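The exercises below are meant to be worked with the sequence and the model open side by side.

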Amino acid sequence: MPPQAVAAQPRPAGTGTAPVPMLDTYREVLTPEGVALHLPAAGPVPRALAWLVDLAARGGLMLALGMVLGLLGGLGQGLYLVALFLVFWAYPIVFEAAWHGQTPGKRALGLRVVAGDGAPVGWLPAVVRNLMRAVDMLPFGYAAGLLACLCDRHGRRLGDQVADTLVVHVLPRRIEPRLPAAAAMAPPQALQPDEQAALVAFGERAPRLSPGRQAELAALLQPLTGTAGGEGVRRLYGMANWLLGRR
Amino acid sequence: MRQEQFVERHKVEWDAFERWLHARGENPRAARRGAAPVGLDDGEVPARYRRLCQQLALARRRGYSAPLLERLQALIQRGHAVLYRAPAPRWHRAVEFLVAGFPQLVRSQAGCMWASLLLFAVPLVGLFVLLQFKPELVHQLLDPRQIAQAEAMFDPADPRQALGRDSGSDWQMFGHYVMNNISIGLRTFAGGLLAGVGTILVLVANGLNIGAVAGHLQAIGHGEPFWRFVAGHAPLELTAIVIAGGAGLRLGLDLVAPGRRRRRDALVHAGRIGARLCLGVAAMLLLAAFVEAFWSSTQSLPAWLKYTVSAALWLLVLGWLWRGGHGRAAAEDGDAS
C-alpha cells in the first residue's frame with residue numbers, strides 16, 4: 001500500500017470500531033500509536049500458586065546452601081544469612097526486572113509482570129512492587145494484598161498499584177485454527193462486524209465440538225441459514241469461508 | 001479488500017518484522033552491542049511498527065477474523081514491549097546515583113526527612129536523658145532478658161564478651177546485620193503505605209528502643225564500651241533509618257494528601273522516589289553492616305581512634321548528603337538508575 005493511500009484514510013480506524021463489551025479481566029491500554037493493547041490480567045489464584053512455586057524454589061535453594069555453608073562455621077553462617085537476605089528481598093526484584101518480568105514461579109504458571117502501559121517492567125517499578133510486599137503480607141498471609149486484589153478491576157495488589165504494574169497471563173502461542181473448506185456462500189443479508197466475527201469464530205471452533213453440539217449451535221442461526229441440522233452447519237462453514245475471502 | 005488479499009499483500013512485511021523481533025528484540029544488551037543484520041535495519045523498525053499499528057487498526061475496522069487480528073495484535077504487543085522498554089542498567093549510572101543522585105533526592109524531600117529525624121531522634125534523646133535521672137524507668141520499657149543481654153554484652157569488667165570475636169563470628173554477625181538491618185530499613189519505607197502510620201511506628205519504636213538501651217547502659221556505667229562499639233557504624237545506620245523513614249512518610253503523605261494529582265498518580269510518583277531512596281538506604285546499611293561487623297567489634301583499638309573515625313564518618317556522611325551532586329541538574333525520574 002503506498003504511503004499516500006495510508007494518509008488518505010479519514011482517520012486511524014482502530015479507535016473507530018464500536019467498543020465491544022468484554023466480560024473478561026482484560027485491561028485495555030491505548031498505545032501512543034492509537035492502537036488498543038489487550039492485557040489479560042491475572043487473578044489471585046494463579047499468582048498465589050506462582051508464589052508457592054517460588055517459595056518452594058527458594059526453600060530448596062536455602063536448604064542446599066545451608067548444607068554446604070554449614071561446613072564453614074561462622075563464616076558459613078554469615079554467608080547463609082546474606083544469602084537469606086538476597087533470596088528474600090532480591091530474588092523477585094532481579095528476576096522480574098532482568099528476566100522478562102518472570103520469576104521461576106511466574107514462568108511455571110505462565111504469568112508475567114508488565115508496566116501499567118503494557119511495556120516491560122523496569123527496575124524501579126520492580127523494586128517498588130516487591131518492597132511493598134511487606135505491606136501486602138499484613139496482617140498475615142497476604143490478606144491485605146488479596147483484599148486489594150479483589151477490589152481492583154485488574155487484580156492488582158497494593159504493591160502493583162503503587163508501582164503501576166500489572167501481572168498478566170502470557171498467552172500460549174496459538175495453533176493456527178483451520179477453517180474447514182466448504183463451498184463459499186454469501187450470507188443472505190449484510191452482517192455487522194461482530195456478527196461476522198461470530199460466524200468466523202464458529203467456523204474455526206466448531207470442528208472441535210461434537211456433531212450434535214455443532215448442529216445445536218447452528219440451529220440458533222436458523223433465521224440466517226434457513227435450515228437446521230448438518231446442512232445448517234455446512235452453510236455456516238460456507239459463509240465463514242466467504243467472509244474470509246475464499247471463493 | 002477481502003481478508004485473504006490483505007494478508008497476501010502485507011505478509012512479507014509482517015514476517016520480516018517478526019524475524020527482527022526474534023533476532024534483536026529479546027535482549028537489550030545484545031541489541032546494544034549490535035548483532036548481525038537480520039534483513040531489517042534497526043532505524044527502520046519504528047516506522048515499520050507504526051505501519052503495523054495502522055494495518056491492525058484497518059483490519060479491526062474492516063472486521064477481519066479474530067485469528068488475524070490476534071496475530072497482528074501479538075506482533076504489536078511484542079513490538080511495543082521492545083520499543084518502550086526501559087533502558088538496560090549501566091554500572092556508571094549506579095555509581096553516579098550513589099555519589100550525586102541520591103543526596104540530591106534526599107535534599108529534594110527535605111521536609112519529610114526532617115520530620116522523620118524528629119520522629120526518630122526526639123524519643124531517642126528524650127528517653128536517654130530521662131533515664132539518667134530516673135534509671136528505674138527502663139524496666140517499663142525493656143523486658144529483663146533484653147536488659148541482662150545488653151548489660152552482659154557491654155560489661156566493661158568482662159573483656160572477653162561479644163566485642164572481641166574471632167573472624168568467623170564476625171562474618172556471622174555481618175550476615176545477621178545485613179538480613180536484620182536492611183530488612184528493617186526497607187520495611188520502614190513500606191510501612192508508609194499504611195497512611196504513614198507504619199513508618200511512624202517503626203521510627204518511634206526504634207528511637208525508644210535505642211534510647212532505652214543507650215540510656216540504661218550509660219546510667220549503670222557500661223557506657224564506655226557501648227559508645228566505642230556503636231560509634232563506628234552509627235553515622236551510616238542512623239541516617240539510613242531516618243532516610244528510609246522520610247521515604248515512608250513521603251509515601252504516606254501522598255496517600256493522605258495527593259494534592260492536585262489523582263491519588264493513584266501521587267502514590268506511583270512517591271513510590272518511584274521511595275524506591276530510589278531505598279536503593280541508597282540499602283547500600284548505606286550494607287556498608288554499615290560491614291563496619292559494624294568488622295570494625296566496631298575490634299577490641300584492641302584505642303578509644304580515641306574509634307571516636308576519630310566515627311567523627312570522620314559523620315562528617316563524610318553529612319557532607320555527602322548536604323553537598324553531593326550540588327549544582328548538577330536534577331535527574332528527572334530517571335528509570336534506569
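A residue is called buried if 20 or more other C-beta atoms lie within 10 Å of its own, exposed if 12 or fewer do, and partly exposed in between, with C-beta atoms placed from the backbone. The model is predicted, so that local features need pLDDT of at least 70 and side-chain atom pairs count only at pLDDT 80 or more, while totals for chains, interfaces and linings use all residues. Residues are numbered from 1 along each chain as its sequence is written, and chains are lettered from A and ligands numbered from 1 in the order in which they are written.

**Exercise 1. Burial and backbone in chain A**

Classify A:Asp164, A:His100 and A:Pro180 as buried, partly exposed or exposed, and place each of them in the chain.

Solution. Begin with A:Asp164, which counts as buried because 21 C-beta neighbours fall inside 10 Å. Helices (H or I, at least four residues) and strands (E, at least two) are DSSP runs numbered from the N terminus, and A:Asp164 sits in the loop between helix H8 (158-163) and E4 of chain A. Its phi is near 55°, a positive value in a residue other than glycine.

Next, A:His100 belongs to the loop between helix H3 (73-98) and helix H4 (104-109) of chain A, and it is partly exposed because 19 other C-beta atoms lie within 10 Å. For A:His100, too, phi is positive and near 55°. As background, most residues other than glycine have a negative phi.

Finally, A:Pro180 is found in the loop between E4 and helix H9 (193-205) of chain A, and it is partly exposed because it has 14 C-beta neighbours inside 10 Å. Two residues are in contact if their C-beta atoms, placed from the backbone, lie within 7 Å; leaving aside neighbours within four places in sequence, A:Pro180 is in contact with A:Pro207 and A:Tyr237.

**Exercise 2. A strand pair in chain A**

Determine which strand pairs with E4(A), and in which direction the two run.

Solution. Two strands pair if DSSP finds at least two bridges between them. Here five bridges join strand E3 (residues 111-115) of chain A to E4(A), and the two run antiparallel. Within this pair, A:Val113 stands opposite A:Val167 in E4(A). Strand E4 (residues 165-169) is mostly covered, since four of its five residues are buried, whereas 37% of the 247 residues of chain A count as buried.

**Exercise 3. A helix of chain B**

Compare the span of H3(B) with the expected value, and list its buried residues.

Solution. The expected span of a helix is 1.5 Å times one less than its number of residues. H3(B) has 17 residues and reaches 24 Å from its first C-alpha to its last, close to the 24 Å expected. The buried residues of H3(B) are B:Tyr49, B:Leu52, B:Cys53, B:Gln55, B:Leu56, B:Ala57, B:Leu58, B:Ala59 and B:Arg60. Just after this helix, B:Gly63 adopts a positive phi of about 70°.

**Exercise 4. The interface and the core**

Describe the side of chain B that touches chain A, and then the largest nonpolar core.

Solution. First, 55 residues of chain B are in contact with 54 residues of chain A. The elements giving two or more residues to this side of chain B are helix H1 (3-25), helix H3 (45-61), helix H4 (66-83), helix H9 (167-190) and H13, and H9(B) supplies the largest share, 14 residues.

For the core, the definition is a set of buried Ala, Val, Leu, Ile, Met, Phe, Trp, Tyr and Cys residues joined through C-beta atoms within 7 Å. Of the 101 residues in the largest nonpolar core, those touching the most other members are A:Val127, A:Leu131, B:Val178, B:Ala240, B:Ile243, B:Cys278 and B:Val281. Helix H13 (residues 263-294) of chain B gives the most to this core, with 16 residues. Not counting residues up to four places away in sequence, B:Ile243 touches B:Val106, B:Met113, B:Leu277 and B:Val281.
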